[in-house]
Every structure is written in C-alpha cells, then in structure tokens.
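Visitor: I have a model open and would like to go through it with you. Could we begin with the surface?

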Amino acid sequence: MSAIGYIYTVILVLCLVESSQTAALDGACTVDGNCTTNAVCTTGLCKCNTGFVANTGNTDCLAKVALDGECTIDAQCTITTNAGKCTGSKCACSTGYVANSGATACLATAALDGACTIDAQCTITTNAGKCTATKCACSTGYVANSGTTACLATAALDGACTIDAQCTITTNAGKCTATKCACSTGYVANSGTTACLATAALDGACTIDAQCTITTNAGKCTATKCACSTGYSANAGKTTCIADGALGGTCLNDAACTGTTNAVCAASKCTCKANYIANTAGTACIADGALGGTCLNDNACTGTTHANVCTASKCMCKTNYSANTAGTACIAPGALKGTCSANTDCTGTANAGNCTTYMCECNAGYTANTDETACSLGMMILAAPWMLLMMVMTTSLSKL
C-alpha cells in the first residue's frame, strides 16, 4: 500500500470512530446519532427530545408522564396541569390540588363554601369535608358558623354552643343560651337534662311540674295532668285556676269567701249571693239592676248612672255611652275611655285628648287613675311624696 493510501485509510478509520462515539447530555455533537437515547443534537449540544426531561444526574432522558403515571423525579410530572409531584413513584397533584375521581385532572382544594365538584377538594376548613350543591359544606355532625368561616360541632341539650344552629342533636332543644344548648320556646328540660318536654296548660299531659307553665297558678303535675297549685282550684271549664275564697274558688263556709264582695259559699264554691250575678270575667258580683246585672226591663236598671237599658236581661249603657274597663260605670262620649272618632271629640276629661281606636285616651306623659275618671301627669305620682317631704323639711328648717 502506498503512503498516500495509508494516510487515507487512517483518516477514514478516525472518522468512523468519531461518528460511532455517543455524547452525553449537554455534550458536543454534530448529528442526533452522537447523542444518548431520547436525546437530539441541538445547536451542537445533546438535549433531551420533546416529551423527555433530563434525570437528576443529567445522564439520561426520562419520559414526561401524566397524573398517576410512573416517575422517578418531579420534573417528569408535567403533562397534567398542577400534577407536579412524584410521590411513591407516581405523578401526583401539587400542593393545594387533589385528583379527580378518574385521576385525569387536578382540582383546586377549597375552604368552607368554596366551589367544588368532589368531597376530596374540601380540605382547607377543618371538618368541612362535604361537597354539596357545588359548595364545600360542613361534615356530618358539624354546622357552619355565622360567618361561614368555620365548622362547629353540633351539640345535645346542655352541650356547649355559640350559635343556635349547633343545637340539633336533642329534639326541640334548638336554642343556644349562655353557651349551652337549651330547650326551644314551648319546651322545658326533663329532670335528667336529656330531653325537652312540651309545656302544658291546665289539664294538659305532663310528667314533671316544670311543664305546667301555660296556665297561671297551674304549676303542679298530678297523675300525668297539669293541676292548679296549692290554694287554687280549676274553674268548670278547666281553663283557669281560681284562688280559694275568690269567686268560683273553693270554700268551707261564707267566711272563707273573702276574695269577692257579695259572694257566699254554696256547694263548696264561692258564688254570688241572692240578687247578684257574676260579671263576664267571673271576677265580681254585680247587683241586679246595676251595669251588667240582671233585669226584666229598662225600669229595673237603676243601679248605675246611664246604664238604664235592659238588653238580653242585662243592664247596659245607654246609646253613645260605653262601659269602663272594670264594667262598673258608663262613660259619656268624649270623656276618658269614652267613644270618639277624632281627637277633637275628646273634650270631656282634661288631658285625655287622644282618640285611639275610637276611644279617648290620656295624652302622652299622662296616665289614667285607677277608676279611669282622670289623667294625671306621669311624674306626679312619683314626685308628690318627694315634694311633700321637701315642704315638711323646709317648714321645719324655717322654725329653727
């Protein structure tokens, strides 16, 4: 072989050797074939091909993968948005995100009342782990606070609370009072504070005295029925409790009937004596011929001034007059408690110039006296004793 031929052979061998060498990542190259697997020659340097990323030591190209795909480093997890963590050799959602039910997408976590599509998103607010109607809601056993910023534990009767909504465990215990769940209006706690029992009226069903609160003076539970308290007895209709000695109340003799004038004891009950009749409220005895008393005709109605009309066997006020609150007198139109149609009608009683619901009432700052015949300045009742005391003191001092 000639010298020239030898030289060409050497050059050819060197070229073949150079072209067969594999360049590392970021190593120099002239063609893709110079680069490692899944790398290409770009501007004279070996770089990972599209869809691949360099490993930690920059010695190999690893495939990019989607959520739940196999991986060895975080950098591979780029295909699925917000799935940038390699955990347990699998691509997982980044912090603040969770996988959807099909593991095909990462959904943002949410706080109470935040938007969601699955329960797993509801992780920001403690105990708000339910996705209901596309909103994060409190988990079973919890309710949202008034600002929808936290979930509070539900509670039973007498349990700790800050809002009414927590008090759901015990039926009819829906009020939070003094940081404790209490019975709702119309209910009272049983003796063991484990249940709320309905309050009851006279003759209503009960198991404890505390239930008997609806009817005044009917505070005893006897034989599973609310009964009148000691010193009281039920009226015939069992709608009210009457004090012993009052009209309709129990008695042993006439002397016991001291609660109502003109009442006597008959059949162990205080009743109106002869020629008297009970008023509509059953609280007083009215003489025959007086306002509200019995009559045969107008001539019999002589007991009360201006009550000279006998209607349905009862003495009533004559035309344009009206009975006072106690039913003991007939009031002229325009007087205190008398009828009216405008303020200008109310001229019969001083300082009673307000026509309210067709009745003359005291002016602002004034109050009616007991028998509703005059209006007194509100402060006069309280001021009079002090004024009298001051007058006495002044007189005494002047004599010193």
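Guide: The accessible surface of the protein comes to about 23100 Å², and 59% of that belongs to carbon and sulfur atoms. Such areas come from the Shrake-Rupley method with a 1.4 Å probe, and for residues only the protein chains shown count as cover. This is a predicted model, in which local features need pLDDT of at least 70 and side-chain atom pairs count only at pLDDT 80 or more, while totals for chains, interfaces and linings use all residues. Residues are numbered from 1 along each chain as its sequence is written, and side-chain values use heavy atoms, with hydrogens and water left out.

Visitor: What share of the 400 residues is buried?

Guide: Buried residues make up 30% of them. Buried means under 20% relative accessible area, exposed means over 50%, and partly exposed lies in between (1.4 Å probe, protein chains only).

Visitor: How many helices and strands are there?

Guide: The protein has two helices and 32 strands. Both are DSSP runs numbered from the N terminus: helices are H or I with at least four residues, strands are E with at least two.

Visitor: And what about contacts between residues at least 24 apart?

Guide: They account for 18% of the contacts between residues at least 6 apart in sequence. A contact means heavy atoms within 4.5 Å.

Visitor: Which strand does β21 join, and how do the two run?

Guide: Four bridges join β21 to β22 (residues 269-272), and the two strands run antiparallel. Two strands pair if DSSP finds at least two bridges between them. The bridge partner of Ala263 in β22 is Cys272.

Visitor: What lies between them?

Guide: β21 and β22 form a hairpin with two residues between them, and Ala267 in the turn has a positive phi of about 55°. Ser268, in the loop between β21 and β22, also has a positive phi, near 65°, in a residue other than glycine. Ser268 is partly exposed, with a relative accessible area of 46%.

Visitor: Where does Tyr358 lie?

Guide: Tyr358 is in the loop between β29 (354-356) and β30 (359-361). Its phi is positive, about 60°, although Tyr358 is not a glycine. Tyr358 is exposed, with a relative accessible area of 62%.

Visitor: Now the largest pocket. How much space lies in it?

Guide: About 400 Å³ of space lies in the largest pocket. On a 1 Å grid over the protein atoms alone, a pocket is an open set of points where a 1.4 Å probe fits, with protein on both sides within 12 Å along at least five of seven lines; lining residues have an atom within 4 Å of a point. Grid points are joined across faces, edges and corners, and the volume is the space filled by probe spheres set on the points.

Visitor: Which residues lie nearest its centre?

Guide: Of the 19 lining residues, Asn279, Ile286, Leu291, Gly292 and Gly327 lie nearest the centre of the largest pocket. The elements that give two or more residues to the lining are β24 (285-287) and β26 (314-316). The largest share, three residues, comes from β26.
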